[in-house]
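Here is a short tour of one protein model, with a look at its surface, its rings and its charges. Keep the picture open while you read.

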Amino acid sequence: MGYEIAILALPVLTAFFAKIYWKTTINWHEMGLQVVIVLLVGFLLFAFAGFSQVRDVEIWNGQVTGKEQVQVSCEHSYQCNCVKSCSGSGANKSCTEICQTCYDHSYDWDWDVFTNIGRFSIDRVDRQGVDMPPRWGEVQVGEPVARSHVYTNYVKAVPESLFNHEGATYAGLPPVPAYPQVYDYYRVNRVLTVGVNLPNANAWNAHLSDILKELGPKKQANVTLVLVNTADQMYRHKLEAEWLGGKKNDVVVMFGVTDYPKIAWVDVMTFGLNMGNERFHMTLKNNLFNLGELDQDKVMSEIQTQVIAYYDRPQMKNFEYLKDAITPPTWLLIVIFILEMALSIGLTVYFHLNDVRLMGRSRW
């Protein structure tokens, strides 16, 4: 709270200084209004800054349960049947145009896909939605789906609280791939390779997506595989630092693969440094390493078995203690200060040039 007071102090004091300097052109109503506006806008800016710091996006998984062409109200309106209405006469005559709202069609069509994690609407290919979109025709009941879900992540706002590996160096390690994103309405590439030539990578991805149809709704889990060409297990910490420990429902399985298909090492990452999932982490890690080689069916079967048996999605309430350590970055504090000062000075100039009274004529 200290930095909020410091940042708002000068913009608020500007109102008092302006009243003292321009005491004949700025009344007490205007000064009070300026203070209220500056404080209200400041509160909103700090609230937005706090929200943006803890806002994060995780991936939910499920499957298609149905699809349907749905009739909806027409969305394409325009003004019509306009008439001019006048009142008064002579110099006091004033006219306005009154119009009705008309629509291009009696109704429109939406092409919806229903899943156990929400509804998707496929973009129309014509204005009214009469023609079936080819993408909607591709949808199959039972196929895997994924969607982005916004949630509050306190760890994201204070990453140094968990990922401050003092003295750690990641020089020479392979790069960390970008975190998977949902594309094409509900699809995700969740098998990532870094310097590893994985035959049938698409089949691996499809297989993993298929087992997440069950693991998503049942265990609220999102599994990602990362295959990297390095024997250095420090890569696990590099990925964890760059992905900030992953998302709340993540199970990230990392394979060190220097001589495909042999497995050099395995590690598993769940949110919050595996907090609450210690047994799951060690069991899955050891069982996968004991496979010796990357076999798609065996890897997927092991992941599915252990997630169902031991995985427990972390609760964000266990990390609420981090809220007290959240501080907006310096650049954002500077931006807020500049905006507040500009607002305060702008209001000062406006009130100096214009007489504003909230409750009639003021004796002040």
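A residue counts as buried when its relative accessible area is under 20%, and as exposed when that value is over 50%. Keep in mind that this is a predicted model.

Let's start at the surface. Ile20 belongs to helix α1, which covers residues 2-21. Ile20 counts as exposed because its relative accessibility is 63%, and the cut-off for exposed is over 50%.

## Rings that meet

Now for the aromatic side chains. A pair of rings is described by how far apart the centres are and by the angle of the planes. How many aromatic pairs are there? The count comes to 8.

One of them is Phe271 with Phe319: the ring centres are 5.2 Å apart and the planes sit at 75 degrees, so this pair is edge-to-face. Phe271 is in the loop between β10 (265-270) and α8 (278-289), while Phe319 is in the loop between α9 (296-310) and α10 (330-353), so the pair ties together parts that are 48 residues apart in sequence. Buried or exposed, what is Phe271? Phe271 is buried, with a relative accessible area of 1%. Phe319 is buried too, at 0%.

Phe280 and Tyr311 also make an edge-to-face pair, because their planes are at 65 degrees, with the ring centres 5.5 Å apart. Here helix α8 supplies Phe280 and the loop between α9 and α10 supplies Tyr311, so parts that are 31 residues apart in sequence are tied together. Both Phe280 and Tyr311 are buried.

## Charges sitting over rings

Rings can have charged neighbours as well. The charged end of Arg147 is placed over the ring of Phe120, 4.6 Å from the ring centre. Likewise, Lys247 lies over the face of Tyr179, and the distance to the ring centre is 5.0 Å. Remember Lys247, as it comes up again below.

Next, the salt bridges: the count comes to 15. Which residue does Lys247 meet in a salt bridge? The partner is Asp56, at 2.8 Å from N to O. Lys247 is in the loop between α7 (235-242) and β9 (250-256), and Asp56 is in strand β1 (residues 55-72), so this bridge ties together parts that are 191 residues apart in sequence. Lys247 counts as buried because its relative accessibility is 14%, and Asp56 is buried as well, at 8%.

Glu58 and Lys248 form another bridge, with their closest N and O atoms 3.9 Å apart. Glu58 lies in strand β1 and Lys248 in the loop between α7 and β9, so the two connect parts that are 190 residues apart in sequence. Glu58 and Lys248 are both buried.

Asp112 counts as buried, with 2% relative accessibility, whereas Arg119 is exposed, with a relative accessible area of 52%.

Terms used
Residues are numbered from 1 along each chain as its sequence is written. This is a predicted model: local features need pLDDT of at least 70, side-chain atom pairs count only at pLDDT 80 or more; totals for chains, interfaces and linings use all residues. Side-chain values use heavy atoms; hydrogens and water are left out. Helices (H or I, at least four residues) and strands (E, at least two) are DSSP runs, numbered from the N terminus. Buried means under 20% relative accessible area, exposed over 50%, partly exposed in between (1.4 Å probe, protein chains only). Rings of Phe, Tyr and Trp (its six-membered ring) pair if their centres lie within 6.5 Å; planes under 30 degrees apart count as stacked, over 60 as edge-to-face and the rest as tilted. A charge sits over a ring if NZ of Lys or CZ of Arg is within 6 Å of the ring centre and within 35 degrees of the ring normal. A salt bridge is a side-chain nitrogen of Lys or Arg within 4 Å of a carboxyl oxygen of Asp or Glu.
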